[in-house]
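This report goes through selected local and chain-level features of the structure shown below. Please read it alongside the sequence.

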Amino acid sequence: MIETLLHVALLLALPPLSLGVINKVKAFFAGRNGPPLLQVYFDLWKLLRKGAVYSRTTSWVFRAGPIIGLATTLAAGLLVPLTGAAAPLAFGGDVIAFAYLLGLGRFFTMAAALDTGSSFEGMGASREATFSSLAEPALFLALAIVCIPAGAFSLTEALRALPWADWGAARPVYFIAAATLFVVLLAECSRIPVDDPNTHLELTMVHEVMVLDHSGPDLAFIVYGGAVKLFVFGALLVQLLVPVSTLDLLPGAAAMVGGQLALAALVGGVESVMARLRLVRVPQFLIGASVIATIGVAILLYRGHA
Amino acid sequence: MTAYADLILLAVLLLGVYVLATSRLGAAIRAVAVQGGLLALLPITLAARTSWDALLHVGLLSLGTLLLKAVIIPGLLLRTMRTANVRREVEPFISLHTSVLIGAVMVGVAFWMGSVLTLPRPAPATLLVPVALATLLLGFLVIVSRRKAITQVLGYLMLENGIYVFGQCLARDMPFVVELGILLDVLVGVFVMGIAIHHISREFDNIDTDELSTLRD
C-alpha cells in the first residue's frame, strides 16, 4: 500500500519540477537568471483558475483531447516502477500497453487539433503523426533490448532482471537501449532538436501548434501531461542507468528523484548547445535511432544463437 | 579484456552507420579516422597476457595502424577535400534515408551470416565476425551509392577496416609482414586515389564520378 502511495505521489508531484530544472539550466547557459524552479507549478495553478474558451466549430473531441491525453500518460506512469518496489500495475505484456497508452493520448491530442478545423493545426497534427510513427519503432526496439535478455514482457520484471554486476563493458547493448530511449524522449516530449517547446514561429512549430486553441484548465492539462510524459520516459531511462530496482523503497525513490533531476539537467544542456534540426532532417534522426536499436536487437539475437 | 573488444567493435559498427547517414564529407572522414583509431586498440584488447615477443608484435601493429588509419590517411583525405573544394555529398545515387535503411538490412544479414558461418576456431570476441562482415558490406554500400570520389575512397577504407577486423580472428597465425603489407597497400591505394581525385577535380571542376561515365571521344 505504502509503495503505491509513494509511487502515485512521486508521479503526481514531481513532473513540473523537471521542467523547472530544464528551464533553469537553459537560463544558466544563456547567462540569465531564469524563472524560479517552481514556476511551472505557479503557471499550472494560474491556468486552472481561469475559464476556458471553446470555438463554436469544435465538438466533444476537442474537449476530450487534453483530458484523455493526461489520463493515458498518468496510466502509463503507473506501469513504470519509480521506487525500489514494483510498479502499482505490472502484468505480462504491459510493455505493449505502455507504448499504446501513450499512443492513445497522442491520437486524441491530434484529433482535438483536427477538430478545430484550422488548417494550421492540421499541419501540426500531420507533423506530429509523422514523427511519432518514426519514434514508435525506436521505442519498441529499445524496449525489446531490455525485455529479450530478461525473457519477461513486464517492465517491472524486465528492469529487475538487468545484470547490474556486469553492466558496462560486458553488455554494450544497454548503452544502445539508453541512447535510443533518450532520442525517443526528446522526440516524444517535443524537445530540441526535434521540436522547440518555446518556439512560436508558425512554420517550425510541431507540438505547440496543436495546442494553440486550448485555454485555461485544458491548457493546464496539456502542459501537465507533457511534464508527466517527460517524467515517465525519464523514469525508464533512469531505471536503465541507475540500479534503482535493487535498492529498498526509500533509497530507490531517492535515487529515482536524483536521476530524474540529473536527466532534466542533461536535457536542458542538450537544448542549450544544439540547434533545432530542419524538419526534413528530423525523420533521418529518428530513423537513425531505430537503426541503432535494430543493431542492438541483432546483437542480442546473435548472442542467443551463439 | 574481450568485453572491451566487444564495446570497441560496437562503436566501429555505429561509426560505419554514421558515415552512411551523414552528408558532410569532413564528418565522414573524421568518423572513419576514429574507426581506424578504435581498430588500433583492438589487437591490444584481444591479445594481452602472452609473451613479450607477442606483446611487441601487437604493440607495433597497433602503433602502425593508429598512425596510418587514424592520422596519415584521414589527413591526406582532409587535404584533398580542401584542395578539391568539396564539403558535402549532394544528391547521392541512393538517398541518405534509404541508404541508412539498406545499411540496417545489411547489418542484419551480417549478423545472420556470422551465426551460420563456422570458423575453424572460435573467434576471440563474440562480435568480431558479424562486425567485420557488416563493416565490409557498409563499405561496399558507400562505394556504390555515392557520387563524390572522396566518399568512394572512404567506402574503400571501411571495406579495408572490415578486412582488418576479420584478420583479428587469425591474428595468431598471420605473420607480421603480411599485416604490414596490407597496411602499405591501403596507403598506396589512398595515395593513388588522392592523385586521381586531384586530376578529376582539375579536369571537370568537380569530383563527381558521374561525369566520367559521359566521356566520349
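What percentage of the 217 residues of chain B count as buried?

## Chain B as a whole

Of those 217 residues, 48% count as buried, a class that covers relative accessible areas under 20%, with exposed meaning over 50% and partly exposed in between (1.4 Å probe, protein chains only). This is a predicted model in which local features need pLDDT of at least 70 and side-chain atom pairs count only at pLDDT 80 or more, while totals for chains, interfaces and linings use all residues. Residues are numbered from 1 along each chain as its sequence is written, chains are lettered from A and ligands numbered from 1 in the order in which they are written, and side-chain values use heavy atoms, with hydrogens and water left out.

Chain B has seven helices and zero strands, where helices (H or I, at least four residues) and strands (E, at least two) are DSSP runs numbered from the N terminus. In chain B, 78% of the contacts with a separation of 6 or more join residues 24 or more positions apart, a contact being heavy atoms within 4.5 Å. The chain exposes about 10400 Å², of which carbon and sulfur atoms supply 68%; accessible areas come from the Shrake-Rupley method with a 1.4 Å probe, and for residues only the protein chains shown count as cover.

Helix α5 (residues 128–145) of chain B reaches 26 Å from its first C-alpha to its last, close to the 26 Å expected for its 18 residues, the expected span being 1.5 Å times one less than the number of residues. Because 13 of its 18 residues are buried, α5(B) is largely enclosed by the rest of the structure.

In chain A, the end C-alpha atoms of helix α10 (residues 216–241) are 38 Å apart, which agrees with the 38 Å that its 26 residues should span. This helix is mostly covered, with 20 of its 26 residues buried.

A:Thr180, found in helix α8 (residues 173–188) of chain A, counts as buried because its relative accessibility is 2%. Its side chain reaches the backbone oxygen of A:Ile176 at 2.7 Å. Not counting residues up to four places away in sequence, A:Thr180 touches A:Ala138, A:Ala142, A:Ala289, A:Ile292 and A:Ala293.

A:Ser215 is placed in the loop between α9 (207–210) and α10 of chain A. A polar atom of the A:Ser215 side chain lies 3.0 Å from the backbone nitrogen of A:Val53, and the residues that A:Ser215 touches, not counting those up to four places away in sequence, are A:Gly51, A:Ala52 and A:Val53. Polar contacts are pairs of N or O atoms within 3.5 Å; within protein, one must be able to donate a hydrogen and the other to accept it, and residues adjacent in sequence count only if both atoms are side-chain atoms.
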